[in-house]
Amino acid sequence: PAGRRDDGRSGQGDGGQPRRLSLFDKFEPIARIRRDIEASGIDPLGVPIERIISATEGVIGGRRMILAGTNNYLGLTFDDDCVEAAVAAVRSQGTGTTGSRMANGSYDGHMALEAELAAFYGVGHGVVFSTGYQANLGMLAALAGPRDTVMLDADCHASIYDGLKLGGARTLLFKHNDPADLDKRLGRLGEAAQHTLVVVEGIYSMLGDMAPLAEIVAVVKKHGAAILVDEAHSMGIVGQHGRGVVEAAGVMDQVDFVVGTFSKSLGAAGGFCVSPHAELDMIRYASRPYIFTASPVPSVIASVRAALARLRDDDSLRDRIWGNANRLHRGLSRAGFTLAAPPGPVVAAVFDSRETSLAFWQGLLDRGVYVNLMLPPATPGGKCLIRASLSAAHSRQQIDHIVAAFKDIGAPLAKAG
Ligand code: PMP
């Protein structure tokens, strides 16, 4: 409250403005980029969605938009079963657990979901976390301490890097999607390779490219190492039963840990790890991001359980997202755009500069299409990307509208790509 600042001890400077804290100086480079973006009149960061209409439509800036920049891969956010399960859970179990999994925050639903996830992957053990970010944070911080070595694909997600920082492991990188480089680097470790954890993702979120997992697992096994695969962007989409790249590559029985999230194909929020190792249970006693936070709220657990059942039982969702992914990819590549990867749930077009991609992003918004603008340093190789993500819920007409909007802004800007 303003009154409290007036006592002169809590940061009030002249003219009623709070004294500028030197703590904020470090943000100056980011603030400069923000100012430039704002000066351009285009602000792609944190665009408010004023009204969400469906899994694929919302209102932004007073206008109805096709949402093609969500991770709502199976379109389940408005699925009747998921919504009804969530509503019933709020009514019967309340709005939150108000506690850690380690104390009062483990309900029947949390335990049931863990068992269902383990069964879905055909392994014995599962642990649920409050977010996907915390699943990686919690697994890596607890599994890999200062005396352990972890070798990860250089393009791994921030949550993996952060978990390794928290645990203090010796962290080594191998070249993105390069099993030969992994082989070389594990070879250099000698005996220590047998105690090394290798970490990769199934599909990488920025470019949408898939890991050559069969080859990577062969290298991991050759050196006697262990492997964790983050299937955040591939669960429910890749593999005959939607188990992800581990299934498509036929290596589920050789992978030590699969990490995933509830915030993409399952349409809610939360994360998990499943494993054939009984010791996974120790995470519950050793992992700070698991212990020192409130457990997922009952309605989220209920909708995720319903979504997992849909994902498991309804193959048509997978067919639909692939149909849409192929249609968008084909449309954009025929129109001459440079795409970062073969067709998949993420279709990213590459541009040569921040300005071009920013203008393109605004052009799409003007034509009723919301996608993600991805800029360095968040992107690999300093790429400027317009990233579309597909949903099983997109109609053909929506995909065609997106392609038409790209073409309409088209050639001069695309050429820069
Ligand atoms: N892993 C990967 C590969 C991701 O892309 C993300 C989120 N973008 C996460 C983990 C974190 O998941 P969540 O957003 O559900 O916390």
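Which helix gives the largest share of the shell around the ligand? In this predicted model, that share comes from helix 5, residues 132–143, which contributes 3 residues. The shell has 14 residues, and those that come nearest to the ligand are Gly132, Tyr133, Ala232, Thr261 and Ser263. By class, 10 residues of the shell are polar, 2 are nonpolar and 2 are charged.

The largest nonpolar core holds 125 residues, and the members touching the most other members are Met139, Cys273, Val369 and Ile402. Domain 1 (39–68 + 315–415) and domain 2 (79–313) both supply residues to this core, so the core lies between them. Leaving aside residues up to four places away in sequence, Met139 is in contact with Gly163, Leu228, Phe257, Val259, Cys273 and Ile283. One of these contacts, Cys273, is itself among the members of the core that touch the most others.

The last element to follow is a sheet. Strands of a sheet pair through backbone hydrogen bonds, in a parallel or an antiparallel sense. Here, 4 strands form an open sheet in the order 1-2-3-12, and the pairing is mixed. Strand 1 (51–52) and strand 12 (369–370) are the edge strands; each has a single partner strand, so one side of each has no neighbour in the sheet. Within it, Ile52 has Gly58 of strand 2 as its bridge partner.

Notes: Residues are numbered from 1 along each chain as its sequence is written. This is a predicted model: local features need pLDDT of at least 70, side-chain atom pairs count only at pLDDT 80 or more; totals for chains, interfaces and linings use all residues. A residue is near a molecule or strand if its C-beta atom, placed from the backbone, lies within 6 Å of it. Helices (H or I, at least four residues) and strands (E, at least two) are DSSP runs, numbered from the N terminus. Ala, Val, Leu, Ile, Met, Phe, Trp, Tyr, Cys and Pro count as nonpolar, Asp, Glu, Lys and Arg as charged, and the others, Gly among them, as polar. Two strands pair if DSSP finds at least two bridges between them. A nonpolar core is a set of buried Ala, Val, Leu, Ile, Met, Phe, Trp, Tyr and Cys residues joined through C-beta atoms within 7 Å. A residue is buried if 20 or more other C-beta atoms lie within 10 Å of its own, exposed if 12 or fewer, and partly exposed in between; C-beta atoms are placed from the backbone. Domain bounds come from an automatic or database domain assignment. Two residues are in contact if their C-beta atoms, placed from the backbone, lie within 7 Å.
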